[in-house]
Amino acid sequence: MPSRKLALGVPLGLAWLGGFLLWAGWPVNPAPLAALLLVGWVPYLRLEQLLTERGASGWKVWRYSYLLLLLWNLFTTYWVSYSTLGGGIAAVVCNALMMSAPLMAFYHTKKRLGATLGYLSLPIYWIAFEQLHLHWFLTWPWLTLGNGFAQANQWVQWYEYTGFLGGSVWIWLVNILVFGAWFGWQRRRAEVVASGKLKLRWLWPVLAVLLPVGASYLIGSSYQEKGATAEVLVVQPNVDPFNEKFEGGSKFISFDEQLTRLLTLTEQNLTPQTQLVLWPETSLDEIYFEDSFDSNLKIQRIRQWLGQHPNVELITGLTSVGRYPSKEKASPTARFRQDMGYYDIFNTAVHLPGASGVPEFYHKSRLVPGVEGVPPWLSAFVIDLGGTAGGLGSQPERTVYQMRPPALRVGPVICYESIYGDFVRDYIRNGATLIGIITNDGWWSDSPGHQQHLQYATLRAIETRRDIARSANTGISGFINQKGEITQRTAWWQQAVSRATVRLNTEQTFYVRYGELIGPACQVLAVLLLAWVVVRRFMQPKVTG
């Protein structure tokens with residue numbers, strides 16, 4: 001009986017240890033703890049090895065693997081439930097379930113093709129899954145492993161070449177090498193020690209840590225920020241999204257008063273050099289019809305204010321409606337009403353170039369896998385990260401706003417879109433010299449959620465070498481330079497304005513020019529490996545060593 005308890009307790013303890021290490025290394029815990037990600041998967045690898053050696057079934061291996069993933073998801077993203085309880089539960093439970101698929105693919109590959117190919121397949125399967133999770137309908141890449149270095153981004157300045165999936169490769173490489181050095185991939189640790197090769201094996205994980213970090217510091221120390229300059233103002237109006245912002249809230253602030261707050265904060269902090277003002281996502285939260293936009297009294301009020309400041313241009317978030325002349329020209333997400341015809345509702349960023357300039361609309365295109373982009377029958381389990389509810393419309397291309405200064409070209413990124421490296425890259429490909437993020441982070445209370453969201457933006461700055469101006473309704477607003485350093489930040493849940501002179505880089509990084517190479521390559525390799533496993537399953541007995 002004691003040995004059986006030990007057999008059950010060891011994998012259980014390893015599952016808890018793995019979940020804890022992955023959480024402890026994640027933003028926004030202290031930046032040096034990001035090093036724990038480089039060993040955070042070792043408990044899982046040891047767990048799988050022990051269970052396999054004892055002849056455990058695949059079902060038992062999956063149970064302990066899923067527990068580890070569930071704990072990691074729970075510890076790191078529990079805050080989603082602050083906005084939507086059902087969505088928070090679904091995010092944790094279902095995301096952990098999906099993450100278990102690449103781990104089980106590794107288990108079966110190792111079982112059928114042997115340890116060498118098995119361990120080589122693990123990062124391939126995992127990154128193939130991460131690439132899928134960036135693009136499919138229920139996309140939720142918050143825990144993409146490469147995001148884990150957002151707060152320690154001085155270690156990953158080479159993301160300008162690889163993108164953040166390069167960090168996922170690095171994490172798996174070091175974890176597998178550490179595991180092999182300590183426990184052995186095919187032999188027990190006692191046999192490794194007896195062979196006299198234990199010290200030599202530690203050389204490889206040490207080099208796998210030091211070389212990328214050294215290269216990163218070399219890149220970061222030699223990088224010089226580039227481009228012309230412009231003064232930008234970001235406004236944080238701090239309107240409580242639960243009680244004040246929307247009609248029906250217990251302390252609802254009228255839309256006219258909300259606009260007054262935005263204009264007052266902006267007016268008080270303008271200088272003669274200010275060229276661009278950013279207001280947050282859904283700052284103007286009535287419905288604005290795009291085909292009669294300038295007839296809206298609030299837009300006329302904003303236009304009048306812009307007329308008093310002819311050098312200033314504004315980007316703001318709002319909810320807009322675009323109408324279609326016929327069913328044939330309507331989008332797949334279009335709705336229909338007898339009095340309106342076919343139309344789409346959009347979470348929109350609008351550029352107002354002055355008192356009389358033509359407004360430009362960008363429609364949020366990476367919709368939150370929740371109220372913004374799921375069928376009504378899933379509405380009880382959605383994730384609400386801000387913005388307008390319902391099946392929203394989107395657009396296929398990335399709009400870049402050309403400002404009056406020729407060098408100032410802004411890529412408007414709305415909220416959730418900022419966690420997608422390849423998506424933000426498309427703005428730069430279209431000519432953006434500045435990334436403007438507008439968001440509403442008040443849904444997550446005072447939790448790691450809004451802080452992680454801010455930190456992830458630093459990786460977009462490194463990948464594209466673009467300055468970022470960030471306007472958040474309830475925090476955190478501020479500026480990030482081309483090295484991913486947060487140069488200004490406001491306090492959370494306070495009315496605030498931040499002003500900075502940004503640099504407008506026009507050069508393209510390797511990642512911007514060539515795009516995401518690692519993810520698609522891993523997907524091709526994953527399909528080939530799985531096909532090989534299936535063939536071996538039916539053609540030959542399993543390989544045991």
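At what angle do the axes of helix H12 and helix H13 cross, and within what distance do they come?

## Helices H12 and H13

In this predicted model, the axes of H12 (residues 421–429) and H13 (residues 448–464) cross at roughly 50° and come within 10 Å. H12 is therefore oblique to H13. The crossing in which H12 passes H13 is right-handed.

On the H12 side, Gly421, Val424, Arg425 and Ile428 make the contact, and on the H13 side Arg460, Glu463 and Thr464 do. Sorted by class, the residues in the contact of H12 with H13 are three charged, two polar and two nonpolar.

## Nonpolar cores

The largest nonpolar core holds 119 residues. Those with the most contacts inside this core are Trp41, Leu69, Trp72, Trp126, Phe149, Val232 and Leu276. Helix H7 (residues 165–183) supplies the largest share of the core, ten residues. Another core lies apart from it and has 22 residues, including Tyr288, Leu314, Val350 and Leu352.

With neighbours within four places in sequence left aside, Val232 is in contact with Leu276, Leu278, Leu434, Ala469, Phe479, Ser498, Arg499, Ala500 and Val502.

## Alanine 491

Ala491 sits in the loop between strand S13 (486–489) and strand S14 (496–504). Because its relative accessible area is 35%, Ala491 counts as partly exposed. Leaving out neighbours within four places in sequence, Ala491 is in contact with Gln236 and Gly475.

Ala491 and Pro11 are 480 residues apart along the chain, and their C-alpha atoms are separated by 42 Å.

Key. Residues numbered from 1 in each chain as written. Predicted model: local features only at pLDDT ≥ 70, side-chain atom pairs only at ≥ 80, totals over all residues. Heavy atoms only, no water. Core = buried A, V, L, I, M, F, W, Y, C linked by side-chain atoms within 4.5 Å. Buried < 20%, exposed > 50% of the residue type's maximum accessible area, 1.4 Å probe, protein only. Helix = DSSP H or I, 4+ residues; strand = E, 2+ residues; numbered from the N terminus. Contact = heavy atoms within 4.5 Å. Axes fitted to C-alpha atoms, helices over the stretch in contact; angles between N-to-C directions. Parallel < 35°, antiparallel > 145°, perpendicular 65-115°, else oblique. Left-handed = near helix turned anticlockwise from the far one by under 90°. Nonpolar A, V, L, I, M, F, W, Y, C, P; charged D, E, K, R; others polar.
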